[in-house]
Amino acid sequence: MNKLKIHFLNTIWSDAILVEANNHFAMIDTASPFYYPMIKDHLIKYNVNQLDFIFLTHFHVDHYGNIKNIVNDFKVNRVYLKHYHGLDGTTSSGYASNEEYIENEFKNFSAILDACKKNNTEVIYIDDIKTNEFIIDFEGILFDVFNYNNLLYELYSDENSDYYNQKRFNENFNSCGLFTRINNHSIFFGGDITCSSAPIKEVYMLSYKMIEEIYKKYNISYIDIYKSCHHGGGGTNTLELCSLIKARYAIITNTSRWLDNWPTFENLKNSYKDVVILPTDHQKYIFEITDKISYTVIPEESLFITLKKD
């Protein structure tokens, strides 16, 4: 029987997830830079000397922020990411992009590549993969990657697209989702994949279409463990999406006081009344998946929680 542990670290508007199997470790996203002392302490506490890989869901600083730090301080075998082309229509904070922002993102991307080169960490560009599916084998546990093409670049460079040579979208539309199935338990890491209702077929309800594809491929009808898309905010957890997911456990890398503009909690509860909703503002969670699902709560207030909402 396979056994998987998932550490959801106590980040807000930011993702850092450690996965563990057979004393091997890997990370999905690495959070914003100011979280690094907490992340480093957590890795040391759990005797993480080496990471099989870091998987970057998309190029926003609240997800790539500590790749360079981790690669410099720990042995990392591989980093999975997409090429960055500077096509941001808006920033990671949701504001209109500008050349200064894009120039800074190019510098950050180059710094990650330089750190990987210096530390002999292999870089794998997932948008170069030309197969019908992309699956990462982590100690016999298969992580199925969705949306691994570079949607922003495709829309920008396609002369037949309505958005040819236009910087209209942001990197959230480039976000990957990861799915794994272990001992009949379904786990979905939503990154920042969007549920936009904009009438643009290429980006319309990407997360909803992704879950539909997963259900068809794996012949399932709900998700046991759901790492909420886009930290529970931004209109991502629509009632349509939540009703499709029917999450048993929903981990939201955020706090309720930052989500009062969106009915995230209400939609999740209306979709499955017994859902366990776990925000990461005052605690970390370590899930253990064997023939059953259990989790441990580690009280530890997020560094972000002390910031004023305004």
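Four bridges join strand E5 (residues 75-81) to E6, and the two run parallel; strands count as paired if DSSP finds at least two bridges between them. The model is predicted, with local features needing pLDDT of at least 70 and side-chain atom pairs counting only at pLDDT 80 or more, while totals for chains, interfaces and linings use all residues. Residues are numbered from 1 along each chain as its sequence is written, and side-chain values use heavy atoms, leaving out hydrogens and water.

E5 and E6 belong to an open sheet of eight strands with mixed pairing, in the order E6-E5-E4-E3-E2-E1-E14-E15. Because strand E6 (122-125) and strand E15 (293-299) stand at its edges with a single partner strand each, one side of each is left without a neighbour in the sheet. Helix H4 (residues 99-118) packs on this sheet, touching E5 and E6, and its direction makes about 135° with that of E6; contact means heavy atoms within 4.5 Å, and angles, from 0 to 180 degrees, are taken between N-to-C directions of axes fitted to C-alpha atoms, for helices over the stretch in contact.

A further open sheet, of seven strands and also mixed in pairing, has the order E7-E8-E9-E10-E11-E12-E13. Strand E12 (residues 249-252) pairs with E13 in the parallel sense over four bridges, and Ile251 stands opposite Leu278 in E13. Helix H8 (residues 264-271) lies across strand E11 (225-227), E12 and E13, running at about 170° to E12.
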